[in-house]
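Subject: Structure for your reading

Dear colleague,

Please find below the structure that I am handing over to you.

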Amino acid sequence: MSGGPEPISAEGLRAVREELAQLRVERGEVAATLRGVEPGDRADAADELQRASEVARLDRRIVELEARLREAEVAGEPSARVVGVGSTVNVRFDDGTEETVEISEIAEERDLTLVTFDSPLGKALLGRHAGETVNYDTPAGSASATVLSVGADGGPRAD
């Protein structure tokens, strides 16, 4: 990522908010089970320590997601000229097929058009403009793709 505030797509924003809500519920449920344990009951003490560690882990992730939401708000909409997190990009692959993908922070199984920013293709596309060709590695070997357009609606094409 760029090191500055990063925009986030509508789908990414939805996913972050959904995860945050789930984590808050889970944290509440785990925290409700915490109670003081009488000294000498080692099994209960170990279980209590494990639950306290889980609450701490959930708290850390909640803080990360809240910070990401604040950062996205400051960053505003993704650029319509340069590929970044949140961008929608039309690309043409080596075999001539064209696809519209969205650069995201998270991958979701249900959305096959999301490309994470840290995937080989995502890394290659970040910072690129329409008309540029990128090279990246796949499990099957090297590949390339040409950026046809960038933006919320794919932007102007560089054919």
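The notes below cover the strand pairing and then the nonpolar cores.

This is a predicted model, in which local features need pLDDT of at least 70 and side-chain atom pairs count only at pLDDT 80 or more, while totals for chains, interfaces and linings use all residues. Residues are numbered from 1 along each chain as its sequence is written, and side-chain values use heavy atoms, leaving out hydrogens and water.

Helices (H or I, at least four residues) and strands (E, at least two) are DSSP runs numbered from the N terminus. Two strands pair if DSSP finds at least two bridges between them. Strand 1 and strand 2 run antiparallel and are joined by five bridges; Arg92 stands opposite Glu98 in strand 2. Strand 2 also pairs with strand 3 (residues 114–116), in the parallel sense over three bridges, and Ile103 has Val115 as its bridge partner there. Strand 4 and strand 5 form a hairpin with two residues between them, paired in the antiparallel sense over six bridges.

A nonpolar core is a set of buried (under 20% relative accessible area, 1.4 Å probe, protein chains only) Ala, Val, Leu, Ile, Met, Phe, Trp, Tyr and Cys residues joined through side-chain atoms within 4.5 Å. The largest has 18 residues, and Ile103, Leu121 and Tyr136 are among those that touch the most other members. Strand 5 gives the most to this core, with four residues. A second, separate core of 11 residues includes Ile8 and Leu65.

Yours sincerely,
A colleague

Conventions:
Buried means under 20% relative accessible area, exposed over 50%, partly exposed in between (1.4 Å probe, protein chains only).
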